[in-house]
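Have a look at the structure, then try each task before reading on.

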Amino acid sequence: MPKTHTADLLDQYFLKERLPTIWCPGCGLGTANGAILRGFEAAGIDQDKTVLVNGIGCSGRTAAYLDFDVLKGTHGRAIAFATGIKLYRPELNVIVMAGDGDTLAIGGNHFIHAARRNVDIKVILFNNFIYGMTGGQVSPTTPAGAKASTAPEGYNERAFDACKLAEAAGASFVARATSYHVQLLSKVVRDALTHTGFALIEILAQCPQQYGRWNKSGDAFEMLMWEKENTVRVEQARNMLPENLAGKFVIGELVRH
Amino acid sequence: MTRKLLQGNEACVEAAIAAGVRFFAGYPITPATEIAEGMARDLPKVGGIFIQMEDEIGSIAACIGASVAGAKALTASSGPGISLMLENIGFAVISETPVVIVNVMRGGPSTGLPTFPAQMDVMQARWGSHGDYPIVAFAPSSVRETYELTVKAINTAEMLRNPVFLLSDAMVGHMREAISLPEPEELELFERRRPEPDEVDFAPHRGSQDGFEIPLMARFGDGFRFHVDSNVHDDYGFPATENNPMADRLIHRLNNKVKAHADELILVDEDQLEDADIAIFAYGSSARSAMEAVEIARRRGLKVGLLKAKTLWPFPENYVEKWTRRVKAWVVPEMNLGQMVREVSLVVKGRVPVYPLNRVDGLLIEPHQILSLIETQVLSLA
């Protein structure tokens, strides 16, 4: 029986002596991590045969508290490290856990090429729309017009859609969930782990301390409500007109082949 | 024993595979591409993995990942590509991950002189990544030495758990010479020391502070569930970024590893130095010119000898010290504007004159240039 209780998951997967985490109050990473571990549990992965590869920044600590083989490398290179691990030891599950800056800015080249190769690694992308640990700078997913410490008057560039980028580059599994939609998140993590080929799971996760403060988005609760109200399930989105989807994030399993 | 006519770059491939390299990630670049091509052809035949990555940053990252997963890994490039690899070379140092980087040197800066040899990257190899870190670099001057030093570089990386450079150049990499390849059983290979499978308190960074005892290295996927971290970390690999004494201890221990093993890392050839008045310090292709210069000088009755450094880092300072006490002058020919001559001078400390001889036009230093310097300038003072 898969474990579902938090206490059981803590015992099974966490290095409890490493806790508490470094994350700010209200951060979405902890909730997301819990849902991810429930996905691991549901997929029945072997903890001794699973390698987690972290990037840098707040999300670069998502594996630091976990009882797995973990590599936390240099900024932007998590996917390249993971590619080497997976190619040499194909029997291992290799899971990248990194942020929007790590994956789409400094590491963007590795991201698209890993998707193109369809290398059998799973990339869990925590998208909080900002560089949190360095104090709130714009990232490639910061929405146009949003504010940040390096765009105090509002960002005048367009954001990447990580899921569309991965799909166009050749990813064979693409899904999106949020720190609000935790059951969906666990499900897509489980499904990605049972899929063979490159998988992207984008997680929208709130950052009240940096993104929220700059953009007056409210506290964690209000930001979670934003995630609820600005997302549309993929099944529902298929029957909607493009104009009604403008500004919304489609969530669920978006690509699988 | 098989005799083969090989390019330096081909000898590097033969040696790497014979020494157990089973992972290569790289990116095309002149004059190193033949190494990638050879690996693409030969690695799959022995069950190894070849991948052409999207850039050199990804290439060394993939090699480091494969190494942590248990592979002997090697990558090859030239100046522009090496510049891109530098950050992750520091990661290999702090994570104590064995990896060999072959730099087939060409002229710089930037894309410089792609098809011509140079020796401009010897200081980059030592200091190019940020932070204070230990490095080892070997410099072959022939196809045979390319074979021997490739094996030595791989053994050294595995033994020290540290990145190791092979500093070849466009001349050595592309020249062809007949060499005798050793039989596989003749090669002395170092295999990474792993913890026992039942080790209960495995600490991937627990080594002796003097650097002599190198920590054991487990593989990912063997049940140890260990962490590898780019930050300053404790013996278990967990970040210790607010622990200043821990940082001090780690940085010293990492650097001590090369110091503690310097004697077994430093390789030189001492040629006709016993009675020499003038010693040449040379390495790589410049050492070939220096060998010829010594021959001609001796025929002319001049007492000239050669200290050929096959190891550049750690610098063979004891050998320079030893001969400084005996000779009247040093000559240091290099295909750069004077890099290793600084190291020679640091040891010599003004006791005898040190003459640099430099060339940066992409052409080899010729023996007559060395002789001319000796006859017109050095002899009058020595």
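**Exercise 1: two domains of chain B**

The centres of domain 1 and domain 2 of chain B, taken over C-alpha atoms, are 27 Å apart. Domain 1 covers 2-186 and domain 2 covers 268-381 of chain B, with bounds from an automatic or database domain assignment. This is a predicted model, in which local features need pLDDT of at least 70, side-chain atom pairs count only at pLDDT 80 or more, and totals for chains, interfaces and linings use all residues. Residues are numbered from 1 along each chain as its sequence is written, and chains are lettered from A in the order in which they are written.

Task: describe the side of domain 1 of chain B that touches domain 2 of chain B.

Solution: 
- Step 1. Count contacts (C-beta atoms, placed from the backbone, within 7 Å): 23 residues of domain 1 of chain B meet 20 residues of domain 2 of chain B.

**Exercise 2: chain B against chain A**

Task: which element gives the most to the side of chain B that touches chain A?

Solution: 
- Step 1. Chain B brings 33 residues to the contact and chain A brings 27 residues.
- Step 2. On the chain B side, α3(B) gives the most, with 9 residues.

**Exercise 3: strands across the chains**

Task: how do strand β2 of chain A and β10(B) pair?

Solution: 
- Step 1. Pairing requires at least two bridges found by DSSP; β2 (residues 69-72) of chain A and β10(B) pair in the parallel sense over 3 bridges.
- Step 2. A:K72 has B:D229 in β10(B) as its bridge partner.

Conventions
Contact = placed C-beta atoms within 7 Å. Helix = DSSP H or I, 4+ residues; strand = E, 2+ residues; numbered from the N terminus.
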